[in-house]
Amino acid sequence: VALWYTIKSSEAVTVRDALNQAMDEELERDERVFLMGEEVAQYDGAYKVSRGLWKKYGDKRIIDTPISEMGFAGIAVGSAMAGLRPICEFMTFNFSMQAIDQVINSAAKTYYMSAGLQSVPIVFRGPNGASAGVAAQHSQCFAAWYAHCPGLKVVSPWNSEDARGLLKAAIRDDNPVVFLENELMYGVPFEMSEESNSKDFVIPIGKAKIERQGTHVTLVSHSRYVGHCLDAAAVLAKEGIECEVINLRTIRPMDVDTIEGSVMKTNHLVTVEGGWPQFGVGAEICAKIMEGPAFNYLDAPVTRVTGVDIPMPYAKILEDNSVPQIKDIIFSVKKTLNV
Amino acid sequence: MRSALSFLSNALSRISGSAGAQTVSELLIDLSEYASLMTPSELTEAPPTCAASLVSPAVASQPLAEFNAQVTFDLKPCELYLLETGPAHTTQLTRKEGLQLYQTMQTLRRLELKADQLYKQKVVRGFCHLYDGQEACAAGIEAAISRSDHVITAYRAHGFTYTRGVSLKQIFTELTGRRGGVAKGKGGSMHMYAPHFYGGNGIVGAQVPLGAGIALACQYQGNQQVCVTLYGDGAANQGQVFEAFNMASLWKLPVIFVCENNRYGMGTPVERSAASTSYYTRGHFIPGIRVDGMDVLCVREATRFAADHCRAEKGPILMELQTYRYHGHSMSDPGISYRSREEILEVRSKSDPISLLRERMLSNNMASAEEFKEVDTMIRREVEEAAQFSCSDPEPPLSELCDHIYSNEPPMEVRGTHPWSKLRSIS
């Protein structure tokens, strides 16, 4: 039975533990599921997301790989073609660039090229986007890159409930799913709904969630910045501005209907993301809104709040000013509302 | 012109004993075969009479008892790397096996020649990488494994597509991009699939880790199956190949890595692209065998050895097949700017895999020239029929344009070229 409101259970669960439990349950449920990646087994995971899994499931199901992204991503894809259901971890998605050919050309396109003869049930997961002080080569957001490609599903959870339900859904999905986590969120605890306790709790891929109802402006975001939007909304509420905050949950296929429905109610739209502005998630939302019925309901152009269009710097003051802050969201909302 | 060609074709078929050429390209091939293979003694033979009906190779005009049912052949020993012993030095070939191998290779040959013709007629588009010359590789490997084993290769894939069970009709119709194609026209030459055959892969070298992954699945599932993972001399220099070698070795995956060394990576001869052209040693810690890829019996025996190695859980093994392609890299490449016509003709005359097998069987009285001719005629007919079908089959319906994006998914909308074009995609 679906509940419209979440019942708070007694203990909060961190995003890390939610991911861990989701994988544990899916490994138990289906023998074909296995995890491979660097340090996932004996090290318990570079970010401890796979803690305890190797001890429980052993070498066959939890596989440490050498530092060979292109090779092991290809091996994971091949194993999916031959009947297994791999979870391929990239230590961060920055390293997935080395393997991107396997993700796109071997995984994403194969079902189409084979006219349905060959499916590729695989999950590519790992931390995506900015971290803290790891500089340019370790901070890129890949949501836009992967979401560009037909044949892939791209999922971006924000909180623990998202992480649990979406990862279970991704593992059960018969298609290649890129699962973008966020390292800064791993340690953040969230209360979980009663319903999420079930071992069969899945959040449908392709459906956004309205985290906060509002009437004046729609804020659309994904991953960590959903939290920033909610924080901004709390501040704005004190000034009488009620924001509707939408958590995309899935980047591709994007739930445009939920965004359009909200915009037709609020007449204003602000997108918030950590990635770069050009050709990004916000850019796509703008285009989609313009092509649909919601355009005529806009009282102002859509505003995009994004990462700064630069490689990520190292120094804290520079890094802090390279990604959207809550004050940027507040400022953008007010500009959009012309207040 | 046409009558002159028919005259030449008929003359050649009377002299050489093979069924008449259908096209200019076939005629040129027959001419070169004639020029290279005929010896004075053969020229004085009376031309064989044509069979009244097209019969299957099992029914011969000579009584079966007159043929040798089985012959043992000596094989050229393989060069070995990190191995104490290698494939057997002799092999037994039964008459039935021999005729089957011949039929397979001849079908592959005619399939590729017909593809060439269709490409020149512009009914096949894009890339078309032909396998003629390399028939012994596909036929020999297939003869040593079973359908429950797995095969993955690169883009020169028509040979394995056929040996893995896709019909000529489905192959040609995929090439011509019609709805009856094995991939419904969505894939084309480089993307054909069958059970336990994973294509057809366009990105050079990407299929090698995929193949190791398929082998991982075999090991994981404990099913004793192996994965034959093919790549060319060009792909042998890809980094991901070495990543796959490392992991396959570490985890003892049941993968037979096969380097089909046809001496040229597109237009670049091996000496100009590889610091070491001993491809069978480039697995470093992986045992290797170098095999005469023009001798189908060598390939078969070597593959048996390799498969046994993998099934005994000894880990991966590497087989380099020294082979040759008659065509250029693809139909866009005439194939003569980086190699000489003399070289091509020399390989044709001395090492053609189909001729080698036929001559072996003829000189060991395993079959008659007539039988081979009957097989040839039957194959030409099959290929012609399949090609005709492929030219007349309708194109895929536009309503299916967006199908097969996702597997096991309810129907969804896909954006067309503009916002008012809302297309439907079903799984």
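**Figure 1. Salt bridges in the predicted model.** The structure holds 39 salt bridges over all chains, a salt bridge being a side-chain nitrogen of Lys or Arg within 4 Å of a carboxyl oxygen of Asp or Glu. This is a predicted model, in which local features need pLDDT of at least 70 and side-chain atom pairs count only at pLDDT 80 or more, while totals for chains, interfaces and linings use all residues; side-chain values use heavy atoms, with hydrogens and water left out. Residues are numbered from 1 along each chain as its sequence is written, and chains are lettered from A and ligands numbered from 1 in the order in which they are written. Side chains of opposite charge can pair when their charged atoms come close.

**Figure 2. The salt bridge between A:Glu26 and A:Arg172.** The side chains of A:Glu26 and A:Arg172 form a salt bridge with an N to O distance of 2.9 Å. This pair links distant parts of the chain, 146 residues apart: A:Glu26 belongs to helix α1 (residues 15-29) of chain A and A:Arg172 to helix α7 (residues 160-172) of chain A. Helices (H or I, at least four residues) and strands (E, at least two) are DSSP runs, numbered from the N terminus. A:Glu26 is buried, at 1% relative accessible area, whereas A:Arg172 is partly exposed, at 24%. Buried means under 20% relative accessible area, exposed over 50%, and partly exposed in between, with a 1.4 Å probe and protein chains only. Both residues belong to a network of salt bridges that links A:Glu25, A:Glu26, A:Arg29, A:Arg164, A:Lys168, A:Arg172 and A:Asp200.

**Figure 3. The salt bridge between A:Asp255 and A:Lys207.** Here the N to O distance between the two side chains is 3.1 Å. The partners are 48 residues apart and link distant parts of the chain, with A:Asp255 in the loop between β12 (250-252) and α9 (256-266) of chain A, and A:Lys207 in the loop between β8 (189-193) and β9 (209-212) of chain A. A:Asp255 is buried, with 6% relative accessibility, and A:Lys207 is partly exposed, with 43%.

Figure 4. A:Lys288 and A:Glu284 meet through their side chains at 2.7 Å, N to O. The two are separated by about one helical turn because they are four residues apart in helix α10 (residues 281-291) of chain A. A:Lys288 is partly exposed at 26% relative accessible area, and A:Glu284 is partly exposed at 35%.

**Figure 5. An open sheet in chain A.** Seven strands form an open sheet with mixed pairing, in the order β3-β2-β4-β5-β7-β6-β12. The edge strands, β3 (62-64) and β12 of chain A, each pair on one side only. From one strand to the next, the twist averages 20°. Strand β2 (residues 33-37) of chain A runs parallel to β3(A) and is joined to it by three bridges; two strands pair if DSSP finds at least two bridges between them. A:Leu35 stands opposite A:Ile62 in β3(A). Helix α2 (residues 53-61) of chain A lies across β2 and β3 of chain A, running at about 75° to β3(A). Axes are lines fitted to C-alpha atoms, for helices over the stretch in contact (heavy atoms within 4.5 Å), and angles run from 0 to 180 degrees between N-to-C directions.

**Figure 6. A hairpin in chain B.** Strand β11 (residues 412-415) and strand β12 (residues 422-425) of chain B run antiparallel and are joined by four bridges. They form a hairpin with six residues between them.

Figure 7. B:Tyr102 and B:Phe372 have ring centres 4.5 Å apart and planes at 55°, so the pair is tilted. Rings of Phe, Tyr and Trp (its six-membered ring) pair if their centres lie within 6.5 Å; planes under 30 degrees apart count as stacked, over 60 as edge-to-face and the rest as tilted. B:Tyr102 lies in helix α4 (residues 95-120) and B:Phe372 in helix α14 (residues 369-392) of chain B, so the pair ties together parts 270 residues apart in sequence. Both B:Tyr102 and B:Phe372 are buried. In chain A, one aromatic cluster is formed by A:Phe72, A:Phe90, A:Phe93, A:Phe124, A:Phe142, A:Trp145 and A:Tyr146.

**Figure 8. Surroundings of B:Gln106.** B:Gln106 is in helix α4 of chain B and is buried, at 7% relative accessibility. Leaving aside neighbours within four places in sequence, B:Gln106 is in contact with B:Ile354, B:Arg358, B:Asp376 and B:Ile379.
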